[in-house]
Amino acid sequence: MFCGSSNLALGGEEENDDNLIAIHDGDVATAFAIEAMTLIDHFGFLDRYRQKARARGEAATPARADRRAAARRVHWYLSTTDGW
């Protein structure tokens, strides 16, 4: 499996420090594939939600949720900020 930021264009390779990683471990490649499918499903859900909201005449983007409250509600305490 190949991953990274490279789009195999010469400019990116020479000027933007693009990278391309080859992964030969089948288990790691499977984990990446599962994560990719999860993201596709997630963004597909968000798109369908937005389309249905627009069809109902509602705001396409709901009010921003309180991430700290949501994290406490589901007992997720790793991080509630955008920082690393």
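Leu20 lies in strand E2, where strands are DSSP runs of E with at least two residues, helices are DSSP runs of H or I with at least four residues, and both are numbered from the N terminus. The structure is a predicted model, in which local features need pLDDT of at least 70 and side-chain atom pairs count only at pLDDT 80 or more, while totals for chains, interfaces and linings use all residues. Residues are numbered from 1 along each chain as its sequence is written, and side-chain values use heavy atoms, with hydrogens and water left out.

Leu20 has a relative accessible area of 48% and is therefore partly exposed. In this scheme, buried means under 20% relative accessible area, exposed means over 50%, and partly exposed lies in between (1.4 Å probe, protein chains only). Apart from neighbours within four places in sequence, Leu20 is in contact with Phe2, Cys3, Ser6 and Leu8; contact means heavy atoms within 4.5 Å. The C-alpha atoms of Leu20 and Ser6 are 5.6 Å apart in space, although the two residues are 14 residues apart in sequence.

Ser6 belongs to the loop between E1 and H1. Its relative accessibility is 16%, so Ser6 counts as buried. Not counting residues up to four places away in sequence, Ser6 touches Glu13, Asp18, Asn19 and Leu20. A polar atom of the Ser6 side chain also lies 3.0 Å from the backbone nitrogen of Leu8. A polar contact is a pair of N or O atoms within 3.5 Å; within protein, one must be able to donate a hydrogen and the other to accept it, and residues adjacent in sequence count only if both atoms are side-chain atoms.

Leu8 is found in the loop between E1 and H1. With a relative accessibility of 65%, Leu8 counts as exposed. Its backbone deserves attention: Leu8 is not a glycine, yet it has a positive phi of about 65°. Most residues other than glycine have a negative phi. Asp17, in the loop between H1 and E2, is not a glycine either and has a positive phi of about 55°. Asp17 counts as exposed because its relative accessibility is 66%.

Asn19 also lies in the loop between helix H1 (10–15) and strand E2 (20–22). At 36% relative accessibility, Asn19 counts as partly exposed. Asn19 and Cys3 are 16 residues apart in sequence, and their C-alpha atoms are 8.3 Å apart in space.

Met1 is placed in the segment before strand E1 (2–4). Since its relative accessibility is 33%, Met1 counts as partly exposed. Setting aside residues up to four places away in sequence, Met1 touches Ile21, Ala22, Ile23, Ala29 and Phe32. From C-alpha to C-alpha, Met1 and Asp25 are 8.4 Å apart, with a separation of 24 residues in sequence.

Asp25 caps the N-terminal end of H2, with a side-chain oxygen 2.8 Å from the backbone nitrogen of Asp27. The helix H2 has 30 residues and reaches 43 Å from its first C-alpha to its last, close to the 44 Å expected at 1.5 Å a residue; the expected span is 1.5 Å times one less than the number of residues. Just after H2, Gly57 takes a positive phi of about 80°.

Leu39 has its place in helix H2 (residues 26–55). With a relative accessible area of 40%, Leu39 is partly exposed. Together with Phe43, Phe45, Leu46 and Tyr49, Leu39 forms a nonpolar patch on the surface, with about 490 Å² of accessible area in total. Patches are made of residues with over 30% relative accessible area and no salt bridge, where like charges are joined within 9 Å and nonpolar side chains (Val, Leu, Ile, Met, Phe, Trp, Tyr) within 5 Å. A salt bridge is a side-chain nitrogen of Lys or Arg within 4 Å of a carboxyl oxygen of Asp or Glu.

Finally, the whole protein may be considered. Its secondary structure comes to three helices and two strands, which follow the pattern β-α-β-α-α along the sequence. Of its 84 residues, 11% count as buried. The protein exposes about 7500 Å², of which carbon and sulfur atoms supply 58%; accessible areas come from the Shrake-Rupley method with a 1.4 Å probe, and for residues only the protein chains shown count as cover. Among contacts between residues at least 6 apart in sequence, 8% join residues at least 24 apart.
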